[in-house]
Amino acid sequence: MAGYMNNGYGGYAPTPYYNPLQPQMDRLAQMQSQYQPPQQTQIPQTNQGILWVQGEAGAKSYLVAPNTSVLLMDSEESRFFIKTTDNAGMPTLRTFEYKEVGVNVSEPQKQPEISLDDKYVTRQEYNDLRGKYEELYGLLETATKPATEENKKGGRNNGKSSI
């Protein structure tokens, strides 16, 4: 494929803008048009902005620019990865597991068991304590009553307390 054109005088002259790499570029374009990526058997990943990888191997092989951190979601398990690179481009990979947080009707949430023995009293203990309180209150009330006429005149108690 030489780059010649008709010069209008019956002869052929080379084109002034002949690209010697054109045949290779044509071949590359032809190969790219024939290439079809393999069909994914996994869940179609239509979420834009979320980077999905297949397991830890996919996270390890994901390329990250230097001084960058990337959140990578695992498409196989309930995990996600944070891959960070330093100035030299050396990566570190951290793996996390996650679970959905919410009210699950089939599984009630477990409350921690708290010992209520030291914080509350039973009804019987309350009734016993109330009885003692009422008895003491009654004694206190009779001891603090003002002296009646009978006590003032030297009644049967002779002015002494009944306690």
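Me: Is Glu134 buried, exposed or partly exposed?

Reply: The general idea is a scale of relative accessible area: buried means under 20%, exposed over 50%, and partly exposed in between (1.4 Å probe, protein chains only). Glu134 counts as partly exposed because its relative accessibility is 45%. Before we go on, please note that this is a predicted model, in which local features need pLDDT of at least 70 and side-chain atom pairs count only at pLDDT 80 or more, whereas totals for chains, interfaces and linings use all residues. Residues are numbered from 1 along each chain as its sequence is written, and side-chain values use heavy atoms, with hydrogens and water left out.

Me: With which residue does Glu134 form a salt bridge?

Reply: A salt bridge is a side-chain nitrogen of Lys or Arg within 4 Å of a carboxyl oxygen of Asp or Glu. Here the partner of Glu134 is Arg130, and their closest N and O atoms are 3.3 Å apart. Both residues belong to helix H3 and are 4 residues apart, about one turn of the helix. Arg130 is partly exposed, given its relative accessible area of 44%.

Me: How many helices and strands does the protein have?

Reply: Helices (H or I, at least four residues) and strands (E, at least two) are DSSP runs, numbered from the N terminus. The protein has 4 helices and 6 strands, and along the sequence they follow the pattern β-β-α-β-α-β-β-β-α-α.

Me: In what order do the strands of the open sheet lie?

Reply: Strands of a sheet pair through backbone hydrogen bonds, either parallel or antiparallel. Two strands are taken to pair if DSSP finds at least two bridges between them. In this model, an open sheet of 4 strands has the order S3-S4-S5-S6, with mixed pairing. Its edge strands are S3 (51–53) and S6, each of which pairs on one side only. Strand S5 (residues 79–85) runs antiparallel to S6, and 7 bridges join them.

Me: Which residue in S6 is the bridge partner of Arg79?

Reply: The partner is Glu97. The two residues also form a salt bridge, with the closest N and O atoms 3.5 Å apart. Arg79 lies in strand S5 and Glu97 in strand S6, so this pair ties together parts that are 18 residues apart in sequence. Arg79 counts as partly exposed at 23% relative accessibility, while Glu97 is exposed at 63%.

Me: Which residues are linked with Arg79 in a network of salt bridges?

Reply: Glu77 and Glu97 are linked with Arg79 in this network. The side chains of Glu77 and Arg79 meet at 3.7 Å, N to O. Glu77 is partly exposed, with 45% relative accessibility. A search of the whole structure finds 4 salt bridges.

Me: Which residues make the nonpolar surface patch?

Reply: Patches are made of residues with over 30% relative accessible area and no salt bridge; like charges are joined within 9 Å, and nonpolar side chains (Val, Leu, Ile, Met, Phe, Trp, Tyr) within 5 Å. Accessible areas come from the Shrake-Rupley method with a 1.4 Å probe, and for residues only the protein chains shown count as cover. Ile114, Leu116 and Tyr120 make a patch of about 350 Å². Tyr120 is in the loop between strand S6 (91–97) and helix H3 (123–143), and counts as exposed because its relative accessibility is 57%.

Me: What share of the residues in the protein is buried?

Reply: Buried residues make up 10% of the 163 residues. The protein exposes about 15200 Å², of which carbon and sulfur atoms supply 54%.
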